[in-house]
Every structure is written in C-alpha cells, then in structure tokens.
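I opened a new page for this protein today. My plan is to jot down what I look up, one topic at a time.

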Amino acid sequence: MVKLLIDVAVWAALQLIFITEVSIGSSVMVFILRGIGTTLGCLWGWAALEARNGNRIVIAAMVCIGLIPSTYVQLGSKYPKAGMVSIVSICVLALSVVLQTVPVSPIETFLRRWSAFLIGGTVALVVEIGFLPVKARTMLVESLTAAIRRISEMETCVSAGTEEGVNVDVYSPKVLEQFERTSGKANAALAAAGLFLPFCSKEPRIKGSFEGLAEIYGEVCALFYSDSR
C-alpha cells in the first residue's frame, strides 16, 4: 500500500511539472489536453487488455492501432501534448499489466494514473491561480509598454538639447553609455513580449481567437525591435 502511494505521489509531482506553464491560460489548456489524452489512452489500453482475455497478440495489435491516431495528433496537429500523453497512457496501462511490473489490476492502474494526473494538475492550477496569477496577454501588453518607454528614452538621448536650442554632443561617452543601456532594456522588454506572444494564442479567450491579433502584435514587436537597434 505504501509503495502504491509513493508511485502515485511521484506521478502527481511529474504532472505538476508538466502542466505548469508561463501563464494561467496556457496551464488550463495543457490541463485539459493532458486530461483528454490520459483518459482516452487509458481507456484504449484497458480495452486492449480486455480484448480476447488478454491475448498478447491482440494486445499488441490494439496498441499499434491506438498509436496511429495518437501519433498523428502529436505530430500533425496543434495539440502535441495530448497525443504524447495518450501514447504514454496506452503503453503504461497495457504493458505494465502484461509484464506484471505492478501487481495490480487494469482498473487500479487506470485509477492510479488518473488520480495522479488529477492531483498534480489541480495543485498546479491552484498554485498558479492563487499565488502566481499571470496572463500571457497582460504580460505581452506590459512588455510592449516597457519597450515603448525605453525607446522614448533612447530618442531623448539622441535629441537632447533640441528644444532648448543647446548644442549637446550626442557622441559623448556619457550619452552613448546611457543610450546603450536603454537600448539593452528595450531589447529585453521586446524579447519578453516575443516570449509571451505564442502563449496568447493558447489561452482561452471569450472574445474569440487571438490569431488575428497575434499577427498585429508580431508586426508591432518587429517594428519596435528595428527602432531599438
């Protein structure tokens, strides 16, 4: 009993690591996809075990059949994690029982794997929502705002003294140092915006798909990056 609890705890900790993403929306999406993949994979592995009373040839054939759509989802769709976890679930459930690596029934293996996923995924979402609430779209806007502020400071360095009619040497070491420092901060903010941009499309959005806005934000980042160089 203790060994079973330890195994579940290890799987739950791994699920927590796998599900946690940089933003809440991405973590929720990964939680849903892994839940679907785990459920379908475990059900297919269970069906393979029950077919022909556990005949190994039938199990091998059923596993191969189940791997075909799972591999397609992993390699040919936008949801590779669902396909990946489905493949793992099929193999774990079917092979662990056939090879007797774990002395439990198929239904117990199914429940253990599902409970580990549920515990780890729920803890990941609770921690991220309760303690580290980060939305990719919010971080994208904040990063772009910081980049705009730094680019404005760069322009101030170049145009210093223009409004007062004072001749300022823009090639002086002090001005160049300030300009380079501000440019580095602007590039860092734009790099952060580029990091969060792909995750914006993965977040659930009530107003519809983010794909159209993603192209606009991508062009804005490219434009600002050219200005910050």
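This is a predicted model: local features need pLDDT of at least 70, side-chain atom pairs count only at pLDDT 80 or more; totals for chains, interfaces and linings use all residues.

**Entry 1: a pocket**

I began with the second largest pocket, which holds about 210 Å³ of space. For my own reference: on a 1 Å grid over the protein atoms alone, a pocket is an open set of points with protein on both sides within 12 Å along at least five of seven lines, and lining residues have an atom within 4 Å of a point. Grid points are joined across faces, edges and corners, and the volume is the space filled by probe spheres set on the points. I found 15 lining residues, and L40, P69, S70, V73 and S86 are the closest to the pocket's centre. Helix 2 (24-50), helix 3 (56-76) and helix 4 (80-98) are the elements that each give two or more residues to this lining. Helix 2 provides the largest share, six residues.

Residues are numbered from 1 along each chain as its sequence is written, and side-chain values use heavy atoms, with hydrogens and water left out. The average pLDDT (the predictor's confidence in each residue, from 0 to 100) is 77, and 79% of the residues score at least 70. Helix 1 (residues 2-19) has the lowest confidence, at a mean of 61, while helix 3 has the highest, at 88.

**Entry 2: G83**

Next I picked G83, which sits in helix 4. Is G83 buried or exposed? It's buried, because its relative accessible area is 1%, and buried means under 20% (1.4 Å probe, protein chains only). G83 touches S70, V73 and Q74, leaving out residues up to four places away in sequence; touching means heavy atoms within 4.5 Å. G83 and G37 are 46 residues apart in sequence, yet 6.3 Å apart in space, C-alpha to C-alpha.

**Entry 3: the whole protein**

Last, I zoomed out and found eight helices and zero strands; helices (H or I, at least four residues) and strands (E, at least two) are DSSP runs, numbered from the N terminus. Buried residues make up 35% of the 229 residues.

Notes:
Buried means under 20% relative accessible area, exposed over 50%, partly exposed in between (1.4 Å probe, protein chains only). On a 1 Å grid over the protein atoms alone, a cavity is a set of points where a 1.4 Å probe fits but cannot get out, and a pocket is an open set with protein on both sides within 12 Å along at least five of seven lines; lining residues have an atom within 4 Å of a point.
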